[in-house]
Amino acid sequence: MKHMTTIFMAFAFFTILKVQSVHVFQVGGNKGWAIPPSNHTNQYNEWATRNRFSINDTLRFEYKKDSVLVVTKEEHEKCKSSHPIFSSDNGDISFVLNRSGFFYFISGVSDHCERGLKMIIKVLEPEHVAQTANQTSTKSEASVLKMDSDTLSQTLMIVGIIAMFTVFFM
């Protein structure tokens, strides 16, 4: 009976661990949120495409003499917003990506957005939503999401097996 309780407890513990972890992304890396070089005005969108963002991940913006605005798609395209969804000008802000879909960021300082200080972030849908979604998502997107989940599941299973062997044989 003791072993069954231990097995059940280990299974419950590793099931709880399967919850997706949250990440903090430093926008712009070491350079932070700053006007990009004139020959690299798409640098923030390129940075965004190299990362995968999930719901509840956090973007950390560090900047000097600038600001960060969250705006609509139209305002992003125009590089202007009179009523941003969110704004900050304190030099160090963390912004939580609280839903799936697109987030549009621009600098609120005159001409900084036009010089490339803007970014589009795509936040992925939770895996269970992506798997049940209609055919709007491509097969390759769904397989990438599944692959990450499978890798996590396999890792947790191996750790669980090691933990059970430790309990039984120690």
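**Aromatic rings and the sheet**

Author: Happy to! Let's start with Phe-95, which counts as buried because its relative accessibility is 12%, under the 20% cut-off. Please keep in mind that this is a predicted model. Phe-103 has a relative accessibility of 4%, so this residue counts as buried too.

Now for the pairs. The structure holds ten aromatic pairs. In one of them, the ring centres of Phe-95 and Phe-103 lie 5.8 Å apart with the planes at 75°, so the pair is edge-to-face. Another is made by Trp-47 and Phe-53, with 5.8 Å centre to centre and 50° between the planes, and this pair is tilted. Both Trp-47 and Phe-53 are buried.

Phe-95 and Phe-103 also belong to one aromatic cluster, together with Trp-33, Tyr-44, Phe-61, Phe-86 and Phe-105.

Three strands form an open sheet in the order β1-β3-β6, and the pairing is mixed. Strands β1 (24–26) and β6 (92–96) are at the edges with a single partner strand each, so one side of each has no neighbour in the sheet. From one strand to the next, the twist averages 25°. β1 and β3 (residues 58–62) run parallel and are joined by three bridges. Across that pairing, Val-24 stands opposite Thr-58 in β3.

Terms used
Residues are numbered from 1 along each chain as its sequence is written. This is a predicted model: local features need pLDDT of at least 70, side-chain atom pairs count only at pLDDT 80 or more; totals for chains, interfaces and linings use all residues. Side-chain values use heavy atoms; hydrogens and water are left out. Two strands pair if DSSP finds at least two bridges between them. Helices (H or I, at least four residues) and strands (E, at least two) are DSSP runs, numbered from the N terminus. Axes are lines fitted to C-alpha atoms, for helices over the stretch in contact, and angles run from 0 to 180 degrees between N-to-C directions. Rings of Phe, Tyr and Trp (its six-membered ring) pair if their centres lie within 6.5 Å; planes under 30 degrees apart count as stacked, over 60 as edge-to-face and the rest as tilted. Buried means under 20% relative accessible area, exposed over 50%, partly exposed in between (1.4 Å probe, protein chains only).
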